[in-house]
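Subject: Structure handover

Dear colleague,

Please find the structure below, with the sequence alongside. My notes come after it.

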Amino acid sequence: MENYSGATPYLSFWLDDQLYAFSINNVVEVTERPKITAIPQCDHYIKGVFNFRGEILPAIDVMAKCHLTRIHEPVADEDCAIIVLETNKEDADLHLIAGAIVERVSDVISIKPIDIIPINDFDSHIDASLSEGVYNHEDKIVTILNTQKILALENSSQAQGK
Amino acid sequence: MSQPSLQQFKLKYVEEVNDMLNEMEGAILTLEQNPSSIDEINQVFRVMHTIKGTSAMYDFKTVEKITHDVESIYSKIRDTQGSVSKDVSTLTLECVDLLRHLLNQPEDGDDALVNDFLARVAAINGTDNRTQSNNTSQNGGDLPPQKNICTYYMMFAPEADITNRGVNIKGILNSIKDLGENTIFTRSWRDDQADNGKFYMYWEAVFATELPFNELEEIFLFVHDEVKLEKIADIDLFSSEDFKEQLATYQLIETPIDTAELKAISQLLQPQQPESTEPQQPQPPQIQQPVPVAAPNHNAESERKIIAKNIEASDTKNSGIKVDSEKLDELMNLVSEFVNTKAEMLLIADKYDIPELHDIYEKVDKLSNKLKDNALSIRLVPIESLMLRFQRLVRDLSKELGKQVDFVTEGTDTELDKTIIDNLAVPLMHIIRNSIDHGIESVERRRELKKPDHGIIKFTAFYSGNNVFIQVQDDGAGMNPEYLRKKAIEKNFIKATDHPTNRQLFDLVFLPGFSTAQKITGISGRGVGMDAVKQSIMKLRGEIEMDSECDLGTITTIKLPLTLSIVDALLVSVAETQLLIPVYVIDSCIHIRHKDVDESKGRIIHEGEPLPILDMRTFFNISGTPPEERIAVMVKYKDSRVGIVLDKVHGEHQAVLKSLGKYFSNQEYLSGGSVLGDGSIALVLDTNKLIKYLKK
């Protein structure tokens, strides 16, 4: 991994045959084949909870959170991986930690901010507010996801929560 | 790691001094009840003395001056075997507050405050001086009381960075000079190993003092690692001219004093006491024991007892250490992970059928259970730790309001989780404040009602099952249900046509904006109080209730879980979902057929009685075929029972409760989750909320 002028590392992964990436600054760990326990009656984008080093963390279904519709057959839960993400570590009120369910983790790639192409709702398959833009990596399009937005709480009663 | 900074050492100093002040505050409050209690007088003296010493070391001149002056008051009281007057105890409490204040902002900004305080201390010191001089003149030609003086050797070899830590070397040396007769040697040595052959300073001192060894150690608390302290003899060697001559010869040499040599010399000198007429000869060993030098003396005798007691007291105090609560949380996490790993080990042992591994597993299992219990018990703190604050509150507030209030406690050794204790202080303060302000009547009013002048606030804590109960009871005015009703109608909390029970009326007190205080004082009555109290108790998974009888008093009862982090629960499952139901809510379990559940329309007949039931399959929207045989767990809800229908019961489980976090804060029927032995997660049902949720 080169770290030339201004480039920051991103962790890329596959989801429904597309490449996506999270900034590595938010990545705590990648857990392979986790055991996810479903929680009845929870928000649509949460698949359940899993045990991460003794803590109970929610597992976020990234597809559902981004309102994406599957084109390909889903990979079985047992073969998925979870990227544990964390934001606002310093502020207990805003601090969020959760796992994002992905199909397969790919590489760590260095991206210069200048190479990130902004997107809008018309030319993208994804809600533009959830993404920081796209990047052309070896002729494949990588959609860079906004970690904040992916982790954000959705339910209105939660949003008001302390 | 970087070098510990000056700031860190100052923080440590502040923390230690705060601890000592807390200790002292308790002693003063005891002294108010029992003004001549010698143990407490000594304790105050000791704390003042220690703070003085350490403050001198860090150059906190104001603190040093204050503690010095207060110490003198107590030293006089101690010497004259007097008692602590109300003025002195009030002044000492003010001293505690002033010192706390100064510690928070060490800049000497409040000179006026300090000077005012010192002036008052000086006034008391002056009057006491007079009484003391009277005493002396009465006693006439008596000899000064003989003290139990010992001789010590000390070497102080500071690290090169000592001044960076804010330690005032001169302060240390001065504190030795204060102790008694002394000789101090200033020496230096050259470090030939170092590149530039640095010179280092070190000091040696021989001194005689009446302070016992452990108190000397306290003086050097902050330079503990750099001080070597040794007792040379059990008598005051400075009374011997030969010894002083011997010490003088050490001034000439540049190497450290050989303490063995010093001890040998002291043994030779010991027999040469004025009374001894024997020629110098080897003495039988028992003479080297501390012998009461003069004829049995009353003062020296009691002095020694006090010292012995002091040693005992400080021993018990030193048996605990302070630990950051984050470290305890981390320990709990590690223990629960360890328990999970243990389960994996069993899986392997079973899979490959290795008997030896099974044996080891059993040992690990036993150990891990002990470890878990131990780790949990560390988090438990006796409720006693809160009492000091309350005693002070009652004292100050009753004085301010001109009421006479006795604060009685019971069961303060009851232990609760540290987190609960920490979060209880504020709500309990509020309740006690209410009792003094609105509960206890003025002395005149109490006389009218033929009650004793002194009102009583009783604080009781006790265990009951998996809960701790805390009660605050006062014998004051109580609440008038009629008045509450009127007020509630006025404020639109109830309709004029409603006729609530007394219990329901008392519950209104906990509603936001409902204040019954006839006048708003600075202390309470703004109508936010009891609502906030209830909120904080509920956050601790507790319940609060009030009961009152007009003119007889009010009793507030708080029910709390023993610990927030562990629950004894029954592990059950419905389809794939594993659930935990706390054992204390369970009444019984019964087998039922699914067919009966299906046709029941929410109610089955059990033991001849209709019983409301709740099928978790329906509640969770689980599809698929349920088993024919099912289980209904009967849970207690208020005065009735509700059957929760599940698929299977697996057994009891001690669940380490984990929060599910922000993502599930709207899942009211779940109070958390717990990681099971195999690493999977079970959800903990909050049946009260579940049933309430359904009734909505």
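Confidence

This is a predicted model. The scores are ipTM 0.83 and pTM 0.48. For chain B the mean pLDDT is 77, and 82% of the residues reach at least 70. Residues 128-146 of chain B have a pLDDT below 50, and beyond near neighbours in sequence that stretch has 12 contacts in the model. Residues 272-318 of chain B also stay under 50, with 33 contacts beyond four places in sequence. Where pLDDT is low, the predicted coordinates should not be read in detail.

Chain B overall

Chain B has 696 residues, of which 28% count as buried. The chain holds 21 helices and 21 strands. Among its contacts with a separation of 6 or more, 69% are between residues 24 or more positions apart.

Contact with chain A

On the chain B side, 22 residues are in contact with 22 residues of chain A. Three elements of chain B each supply at least two residues to this side: helix H11 (325-352), strand S20 (670-675) and strand S21 (681-685). H11(B) gives the most, with three residues. By residue class, the side of chain B that touches chain A divides into 11 polar, seven nonpolar and four charged residues.

Two of those elements, S20(B) and S21(B), run antiparallel and are joined by five bridges. Gly672(B) stands opposite Val684(B) in S21(B). The hairpin has five residues between its strands, and in it Gly679(B) takes a positive phi near 90 degrees. Is S20(B) enclosed by the rest of the structure or open to the outside, and why? Six of its six residues are buried, so S20(B) is largely enclosed by the rest of the structure.

In soluble globular proteins, nonpolar side chains tend to be buried together. In this model the largest nonpolar core has 72 residues, and those touching the most other members are Ile83(A), Ala100(A), Leu580(B), Ile581(B) and Val633(B). Strand S7 (residues 96-102) of chain A contributes the largest share of this core, six residues. Leaving aside residues up to four places away in sequence, Val633(B) touches Leu570(B), Val572(B), Ile581(B), Ile586(B), Cys589(B), Ile644(B) and Leu646(B).

Four-stranded sheet

Chain B has an open sheet of four strands in the order S2-S3-S1-S4, with antiparallel pairing. Strand S2 (182-190) and strand S4 (227-233) of chain B are at the edges with a single partner strand each, so one side of each is left without a neighbour in the sheet. On average, neighbouring strands of this sheet are turned by 15 degrees against each other, direction ignored. S2(B) runs antiparallel to strand S3 (residues 199-209) of chain B, and nine bridges join the two. One of the bridge pairs is Trp189(B) with Tyr200(B) in S3(B).

Five-stranded sheet

A second topic is the open sheet of five strands in chain B, with the order S6-S8-S9-S11-S10 and mixed pairing. Its edge strands are strand S6 (405-410) and strand S10 (543-549) of chain B, each of which pairs on one side only. Neighbouring strands here are turned by 15 degrees against each other on average, direction ignored.

Which strands pair in the parallel sense over six bridges? These are S6(B) and S8(B); Thr409(B) stands opposite Phe459(B) in S8(B). Strand S8 (residues 455-464) and strand S9 (residues 467-474) of chain B instead run antiparallel, joined by eight bridges. In S9(B), the bridge partner of Ser464(B) is Asn467(B), and that of Tyr463(B) is Val468(B).

Helix H13 (residues 384-401) of chain B packs on this sheet, where it touches S6 and S8 of chain B. The direction of H13(B) makes about 165 degrees with that of S6(B).

Regards

How values were computed:
Residues are numbered from 1 along each chain as its sequence is written. Chains are lettered from A and ligands numbered from 1 in the order in which they are written. This is a predicted model: local features need pLDDT of at least 70, side-chain atom pairs count only at pLDDT 80 or more; totals for chains, interfaces and linings use all residues. Two residues are in contact if their C-beta atoms, placed from the backbone, lie within 7 Å. Ala, Val, Leu, Ile, Met, Phe, Trp, Tyr, Cys and Pro count as nonpolar, Asp, Glu, Lys and Arg as charged, and the others, Gly among them, as polar. pLDDT is the predictor's confidence in each residue, from 0 to 100. A nonpolar core is a set of buried Ala, Val, Leu, Ile, Met, Phe, Trp, Tyr and Cys residues joined through C-beta atoms within 7 Å. A residue is buried if 20 or more other C-beta atoms lie within 10 Å of its own, exposed if 12 or fewer, and partly exposed in between; C-beta atoms are placed from the backbone. Two strands pair if DSSP finds at least two bridges between them. Axes are lines fitted to C-alpha atoms, for helices over the stretch in contact, and angles run from 0 to 180 degrees between N-to-C directions.
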